[in-house]
Amino acid sequence: MQKLNRSFFIRDVLKVAPNLLGKILVVKTSDSVIRTMITEVEAYRGEEDLACHASKGRTPRTEIMYHEGGVIYVYLIYGMYWMLNFVTGMDQNPQAVLIRGTDGANGPGVLTRKLKIDGSFYGESLFNSERIWLEPETTDHTIITRPRIGIDYAGEPWISKPWRFLLS
DNA sequence: AGCAAGATCGGT
DNA sequence: CCGATCTTGCTG
């Protein structure tokens, strides 16, 4: 099966995020290969988006978001959950898609635990990696949008943007 | 150097 | 609703 390539990721995050729904996420661990379908994502778009970590500018943590699309941004939240993000868009244009749900794993912290995703994936390429990549979907589906979760601190208008995408 | 908050989750 | 658990970025 072919992997999604560079051109898929260098588009604007609001294009990439919904297009990720239905795609197959493949993760190889030392003793298994897990294949799961992406069912829910959220878009974080640029320094102006106050819900986006890049709204604080370049920091050691957000540095990877300024990279061209196609690399992984992971970070630890509440001291125990790894959040998996795919960087999108052009170089120096910080954007990322948070993977919130996959087939059989609801919640961003739940799915990373199941897929054994941790800090070692920070900066890894999605189209040039031996242990994690994406494959095209095989079925049609319908997409619905909702506001993003857990970003009350961002205030309006960001809190109301319908930038969470999920399969209906 | 110290501190408050956090793109969460599971149990009560 | 509440605690777990620790990194991060900001303040001083």
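**Contacts around DNA strand B**

Biologist: How far is a phosphate oxygen of DNA strand B from a polar backbone atom of G107?

Modeller: Glad you asked! This is a predicted model: local features need pLDDT of at least 70, side-chain atom pairs pLDDT 80 or more, while totals for chains, interfaces and linings use all residues. Residues count from 1 along each chain as written, chains are lettered from A and ligands numbered from 1 in written order, and side-chain values use heavy atoms, without hydrogens or water. For G107, the polar contact (N or O atoms within 3.5 Å) to the phosphate oxygen spans 3.5 Å.

Biologist: Which side chain has an N or O atom 3.2 Å from a base nitrogen of DNA strand B?

Modeller: R113 has a side-chain N or O atom 3.2 Å from a phosphate oxygen of DNA strand B. The base nitrogen, at 3.2 Å, faces the side chain of Y75.

Biologist: Which element gives the largest share of the surface near DNA strand B?

Modeller: By class, 14 are nonpolar, six polar and two charged. Strand 3 (72-77), strand 4 (81-87), strand 5 (95-102) and helix 3 (108-115) each supply at least two residues. The largest share, four residues, belongs to helix 3.

Biologist: Over which ring does the charged end of R131 sit?

Modeller: A charge sits over a ring if Lys NZ or Arg CZ is within 6 Å of its centre and within 35 degrees of its normal. R58 does this with Y66, at 4.3 Å from the centre. For R131, 3.7 Å from the centre, the ring is that of F121.

Notes: Polar contact = N/O pair within 3.5 Å; in protein donor to acceptor, adjacent residues only side chain to side chain. Nonpolar A, V, L, I, M, F, W, Y, C, P; charged D, E, K, R; others polar.
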